[in-house]
Amino acid sequence: MKKYNVIGVMSGTSVDGLDISFCRFIKNKKWKYEILNSKTYHYCNFWKKTLINLHSENKKKIKEIDVEFAKHISDKINHFTEKNKIKADIISSHGHTVFHDPSKKITLQIGSGKIINELCGLTTVNNFRKKDIDLGGQGAPLVPIGDKLLFQQYKYCLNIGGFANISIKSNNSIKAFDICPANIALNFYSRKLGREFDNSGEISRNGNVIKCLYDELNKIQFYTSNSPRSLSREWLEKNFLTKVSNSYSVKDILRTIVEHIAFQIGSYLKSQKTLVTGGGVKNKFLMDRICNFSSSEIIIPSNELIDFKEAMIFGFLAVLKLNNEINCLKSVTGATKDSVVGDVYKLC
């Protein structure tokens, strides 16, 4: 039996905060997981603004923030472990994505693993996407290896975060891809009304679908491309937000985007059980609309799994890395081969 105590750290494109999950992974024929403790450290205005706009900064500024963000991550990990008297073996940090353009072999997640290793005093694994991109893959999504090994009972594993992504299992194979923008688009327009997000979908529920915009969004070329495929903030700004006219009311825009997200997601959920996680689950109106377009049995788990599944699975990716077990699948990313991804920093 193998047993690992791991701290998984995730910062998503929604820029809500830093998710930290302390998990135990045990392998006895099959891998099993347990989330022992978890917390989201919400970003202050400085970090929200910095992370949202960092892709437009110069290289020098990005390098500076890479270091400062690693210090911020380390500070929160140390606070988390000291407060909860946690003794971990490994830190696994996704970091925060600044750039992601597989067509140009570009991906960057800030939050230096070397600095986290030095400041926290634990073996640290990060930079999970670059190797797959170098192998011709999308470098995303990475969570499906966890969906395959830890959540075998579900046909679909859907995560609704900044972007909605899905893992689809068939026999012993799995494919996965980004479906469409989700919270990243909804939050963008909610902020125009002075809200960080549309709580439970209260704003969008009272809006009207703008039929011409709804049709225009559904015609976006990305939706007709075959998987593997992944989305980024740069793609959103260039291909999605440009289709929305400022002449529409924000309430109606939000209502239309909710309908668009629900339609795109629902078109994949055709049978058996779907596990749904991510912040979008808490948008009750969005979930109602997804159910309207879906014929699958929608399973909403505990709040802990809703909020920390991705952080937990990034912890699992590090365990697989340190065991030299495949943690990135070519069937998901389109790379030339399965691989073992991540950079490892150990104490000297």
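This is a predicted model: local features need pLDDT of at least 70, side-chain atom pairs count only at pLDDT 80 or more; totals for chains, interfaces and linings use all residues.

Colleague: Why is H1 called oblique to H2?

Modeller: Helix H1 (residues 45-53) and helix H2 (residues 59-83) pack at an angle of about 140°. Angles over 145 count as roughly antiparallel and 65 to 115 as roughly perpendicular, with the rest oblique once those under 35 are set aside as roughly parallel, so H1 is oblique to H2. Their axes are 12 Å apart, and the crossing is left-handed.

Colleague: How do you know that H1 and H2 meet, and through which residues?

Modeller: Contact means heavy atoms within 4.5 Å. On the H1 side there are Trp47, Thr50 and Leu51, and they meet Ile65, Glu68, Phe69 and His72 of H2. By class, this contact has four nonpolar, two polar and one charged residue.

Colleague: What makes the space lined by Pro141 and Leu142, among others, a cavity?

Modeller: A cavity is a set of points where a 1.4 Å probe fits but cannot get out, and the structure holds one of 30 Å³ or more. The largest cavity has about 30 Å³ of space. Its lining also includes Asn327, Cys328 and Val332, and by class has seven nonpolar, one polar and no charged residues.

Colleague: Which element gives the most to the lining of the second largest pocket?

Modeller: Helix H9 does, with four residues. That pocket has a volume of about 540 Å³. Of its 23 lining residues, Asp101, Ser103, Ser230, Trp235 and Asn239 lie nearest its centre.

Notes. Residues are numbered from 1 along each chain as its sequence is written. Side-chain values use heavy atoms; hydrogens and water are left out. Axes are lines fitted to C-alpha atoms, for helices over the stretch in contact, and angles run from 0 to 180 degrees between N-to-C directions. Helices (H or I, at least four residues) and strands (E, at least two) are DSSP runs, numbered from the N terminus. A crossing is left-handed if the near helix is turned anticlockwise from the far one by less than a right angle, and right-handed if clockwise. Ala, Val, Leu, Ile, Met, Phe, Trp, Tyr, Cys and Pro count as nonpolar, Asp, Glu, Lys and Arg as charged, and the others, Gly among them, as polar. On a 1 Å grid over the protein atoms alone, a cavity is a set of points where a 1.4 Å probe fits but cannot get out, and a pocket is an open set with protein on both sides within 12 Å along at least five of seven lines; lining residues have an atom within 4 Å of a point. Grid points are joined across faces, edges and corners, and a volume is the space filled by probe spheres set on the points.
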